[in-house]
Amino acid sequence: MGMLSLPGFLSCGKKKDFSLTNEKDSESSGSDENSERGNWSNKGDYLLSMVGYAVGLGNVWRFPYLTYQNGGGAFLIPYTLMLALAGLPLFFMECSLGQFGSLGPVSIWRILPLFQGVGITMVIISAFVTIYYNVIIAYALYYLFASFQKVLPWSDCFSWADEFCSKTQIVSDCNTTLHGEIVHVNYSYVTSNNLTCINGTINYKPVQFPSEQYWNKVALQRSSGLEDTGRVVWYLALCLLLSWIIVGAALFKGIKSSGKVVYFTALFPYVILLILLVRGATLEGALDGIEYYIGRQSNITKLMEAEVWKDAATQIFYSLSVAWGGLVALSSYNRFHNNCYSDAILVCVTNCVTSIFAGFAIFSILGHMAFVSKRPVSEVVDSGFELAFVAYPEALSKLPVSPLWSFLFFFMLVLLGLDSQFASIETLTTTIQDISPRVMKKLRLPITLGLCAVLFFLGLICVTQAGIYWVNLIDHFCAGWGILISAVLEIVGIVYIYGGNRFIEDIEMMIGKKSFYFWLWWRMCWFFITPVLLMAILVWSLATFSDPTYGSVLYPTWGTAVGWCMIIFCVIWIPIVAIIKIVKAEGNLIQRIVSCCRPAPNWGPYLAIHRGERYSHVVDAKKEKEHEIPTVSAFIYKQK
């Protein structure tokens, strides 16, 4: 991303930085408290942006499957505990951190310069994820447009299908009685001779539903593997372009424009979920689906399995989007005295309730599909791509007025993906703004559009015939334990090096003084429970890490190597930046490390009016005789 050659950025805060404004500047900004960076127009913009960021595709296509797989309703016990012990404490910490410093995920590490590489890692991982996440939105857009037909194109085996395509199971052979003897014959022989199969001896041909073949043969035009790149699938490329145009248009004024768009993109999916739930609940077999989801009688014994607790912790961690940098970026635009505590609780609870609610909408219709196809629900349930683009579309195709329900479902997926994408791109633009606020203020539109254009071209590899393999590869490596490493270092750095009690005092400057008992729970989590849980998840993830596969397709050795290179590129900045900062510091090795473990001189509330006595030492850059002008280079400052 560029050369690490900048004294100001990597000097453990020896030089003063730009960016602080005074009270008069704040007053002259009109409705914005912070005239340089800007603020959310109102509280609703922020909350809906946070809900949109946290509530994503995983709430629809992963949580319901995990609940079904891990004991039904019993799974809600470890899920709720993990929310309280791991998810919420880290969520509250990141919201407080971003709001206090009014800085993005890289610059916020003025709090602990030695760990600034953690912020860079978060931003780079977010960049990788935005590339493939918009490809998933492009898939949903393609299916959305395909729904504008009287007959859904995946509702039957049309011209694109092969001999293995079938809407029902096809009998291959069985045992039958012939002249008083039991013989094993092909089913065609049974039917031609007017015989009957003996119960329990029927074998079925391996068949694929129309929706599965449509997904692979038509939508993806999927090749045989990662090494068979093939051509760019033009209609997916156009859908990808459209999705990036939507993202760029929504962010052309930053939070001022995206904060308005989320009123639709964050709220309307709930309307669609409610419609799908009501429709699903009225269908035959819906109750069977619900019972598979929550369980006719929840399997409490499942709670004795470590895998269940690991799944609960992992799902909470990823569904809340902690340690991606987005929470810090979005919260950095809050007013200083905003109640980030109540915001964190509201968003976390909303996210988890949405997951549970989505499960009812999904499983009610899958239950009907099982009823119609005369199969157990367990055979039609799936997660991830298979749920969103195979199982659920197959179920919707069996409903009356199926194009309408298909349109609503994929429109919901598009909206769920877009508002998460808005926050991810805002994370990248916030990082650029913190590095060069003057440039960003004058050139926000071209920079935002340029960033979207670059990410679009990088994503074209994901809309080739081997595109789904690339999407799966990036997800397998970048969205995995790289984020866990960032989360562990984040909480350890802030609590044990910067000081947990000191951080609590910072929060009280924003939300007011609280009692000892108020902070007791948060201290228990931040100092012990949450770090231990995160370490356990990280160790488990590393111990159970396996080479990527897509279905039954194995990845070539070079493909796995590319995946390792991607994640190494993401996390390598943590030691690199730490080493460079230590080298730039003064004194012997111990003194240098200690110096880099102290907050930078310019760490504190962004505006002078909020600093009080605790941060009165922070000098306003505008009052300095020598004003420093930062420029952008690989997320790092270069000073004149």
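Asp419 lies in helix α17 (residues 402-435); helices here are DSSP runs of H or I with at least four residues, strands are runs of E with at least two, and both are numbered from the N terminus. The model is a predicted one, in which local features need pLDDT of at least 70 and side-chain atom pairs count only at pLDDT 80 or more, while totals for chains, interfaces and linings use all residues. Residues are numbered from 1 along each chain as its sequence is written, and side-chain values use heavy atoms, with hydrogens and water left out.

The side chain of Asp419 does have a polar atom 3.4 Å from the backbone nitrogen of Ala266.

Let us turn to the aromatic rings. The structure holds 64 aromatic pairs, where rings of Phe, Tyr and Trp (its six-membered ring) pair if their centres lie within 6.5 Å, and planes under 30 degrees apart count as stacked, over 60 as edge-to-face and the rest as tilted. One of the pairs is Trp215 with Phe389, stacked at 4.8 Å centre to centre with 0° between the planes. This pair links distant parts of the chain, 174 residues apart: Trp215 belongs to helix α8 (residues 210-219) and Phe389 to helix α16 (residues 385-396). Trp215 counts as buried because its relative accessibility is 2%, and Phe389 is buried too, at 0%.

Rings also meet charges. The charged end of Arg37 sits over the ring of Tyr333, 4.6 Å from its centre, and that of Lys514 sits over the ring of Phe518 at 5.6 Å. The criterion is NZ of Lys or CZ of Arg within 6 Å of the ring centre and within 35 degrees of the ring normal.

Now for the strands. An open, antiparallel sheet is formed by 3 strands in the order β2-β1-β3; two strands pair if DSSP finds at least two bridges between them. The edge strands, β2 and β3 (203-204), each pair on one side only. Strand β1 (residues 171-178) is joined to β2 (residues 181-186) by 6 bridges. Along this pairing, Thr176 stands opposite Val183 and Asn175 has His184 as its bridge partner. The hairpin of β1 and β2 has 2 residues between the strands, and His179 takes a positive phi near 55° there.

Key
Buried means under 20% relative accessible area, exposed over 50%, partly exposed in between (1.4 Å probe, protein chains only). A polar contact is a pair of N or O atoms within 3.5 Å; within protein, one must be able to donate a hydrogen and the other to accept it, and residues adjacent in sequence count only if both atoms are side-chain atoms.
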